Amino acid sequence: MKEQVVIVGAGLSGLRAASLLQSKGISCRVLEARSRLGGRVLSMAAKDRPELGQFDLGPTWFWPNHESAITKLVKDLGLPTIEQHISGSMLFEQSQTGQAQRHVLPKGAVERSVRLAGGMQSLIDAIASSLPSGTVELNTRVNAIQLEEADGVTIEAEQCDGIKRSFRGAAVILALPPRILAERIAFEPRLPDGLIASLKDKPTWMAGQAKAIAIYDRPFWRDAGLSGQITSWAGPLQEIHDASPDTGYGALFGFFGLPANMRQEIGEEHILRLVTDQLTRLFGPPAGKPIALLYKDWASDPETAVEEDALPLTSFPDYGLPAGKSSWEKRVIFAATETAPGHGGHLEGALQAAERAASEVMKVL
């Protein structure tokens, strides 16, 4: 059966593009290499402790004052939100032996941000539930795309059990990180060298990062007048924030200053010991005994990162549509957050890219 549109990638951008097209009566098939929905959106519960809630190991926030697409979508879907906790003093840690400095930030110094109750996965689930049954096929990795003479494309894919599948469509939306699709998918005819170079020149947002979350029975640091926000030069976490749900439990999450190769060399068990040591230094003995610890190293995720993504970013990447025209124009449409006209790398960028891609498809069809 020939679908009108085939979408590669069941992250936020791919699912949103599918929902927009389906709402216009355009049938879609979404192919996802992972065994789950969401892509870089990943909300997890502690093993054997689901009552603690879901915590974001991928993107966490959005900013309502600046990001209109996600703000409207969350409101339209009726998803409950949590204001990011910023009340109290932040800490600045310069060394592992010195006392961390307390600072009270001026009012308005921190831009208002919100999280989703239940994690960002609730946004993914809400969009996916709006799609007709059978729209998404998990465990299906796209390996090749061929442009047909009769105004269409053929997509070659392989399931996790080794079974090969072919899909045909009038157009294909590529909702994957540009570097992943440039390295992993063969195109016939070949994409122009300039276009491939442009794709490879867009670092995958978050791909070099890792994230840890420590969960507690309550947010005890607030009793000491602390916001939970930390900036550290001593590590291993260089940035820490309050990630507490609204159910009474407490949580702290942090981004690592350790580069990807060092994290992989010392291993998860050692890394999490370093994390609890740091939290104990900053917040006292109660921080050393979390109920649970969650960890995700995106640099080790083959569906997210390529080798080049292990290098730390030194500046914000130059995102936007890849450069270079080709015979694929109007049949292959890019829709990852790295291709967004604005807010590249953010959830807002993923939605903007999805809206643009859906609009382009509707013009083609």
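Me: What makes Glu360 count as buried, exposed or partly exposed?

Reply: This is a predicted model, in which local features need pLDDT of at least 70 and side-chain atom pairs count only at pLDDT 80 or more, while totals for chains, interfaces and linings use all residues. Residues are numbered from 1 along each chain as its sequence is written, and side-chain values use heavy atoms, with hydrogens and water left out. Buried means under 20% relative accessible area and exposed over 50%, with partly exposed in between (1.4 Å probe, protein chains only). Glu360 has a relative accessible area of 28%, and is therefore partly exposed.

Me: Why is Arg356 called buried?

Reply: The relative accessible area of Arg356 is 17%, so the residue is classed as buried.

Me: How do you know that Glu360 forms a salt bridge with Arg356?

Reply: A salt bridge requires a side-chain nitrogen of Lys or Arg within 4 Å of a carboxyl oxygen of Asp or Glu. For Glu360 and Arg356 the closest N and O atoms are 3.2 Å apart. The two residues lie 4 residues apart in helix H8 (residues 347–364), a separation of about one helical turn. Helices here are DSSP runs of H or I with at least four residues, numbered from the N terminus.

Me: What makes Asp223 exposed, and which residue is its salt-bridge partner?

Reply: Asp223 has 57% relative accessibility, and so counts as exposed. Its partner is Arg218, with the closest N and O atoms 2.5 Å apart. Arg218, at a relative accessible area of 40%, is partly exposed.

Me: Why is the contact of Glu183 with Arg184 called a salt bridge?

Reply: The closest N and O atoms of Glu183 and Arg184 are 3.8 Å apart, and the pair forms a salt bridge. Glu183 has 46% relative accessibility and counts as partly exposed; Arg184, at 30%, also counts as partly exposed.

Me: How many salt bridges does this rule give, and which residues are linked in a network?

Reply: The count comes to 21 salt bridges. Glu32, Arg34, Lys296 and Asp301 are linked in a network of them.

Me: How do you know that the span of helix H1 agrees with its 12 residues?

Reply: The expected span of a helix is 1.5 Å times one less than its number of residues. Helix H1 (residues 12–23) should therefore span 16 Å, and its end C-alpha atoms are 16 Å apart, which agrees.

Me: What makes H1 mostly covered?

Reply: Of the 12 residues of H1, 9 are buried, among them Leu12, Arg16 and Leu21. H1 is followed by Gly25, whose phi is positive, near 80°.
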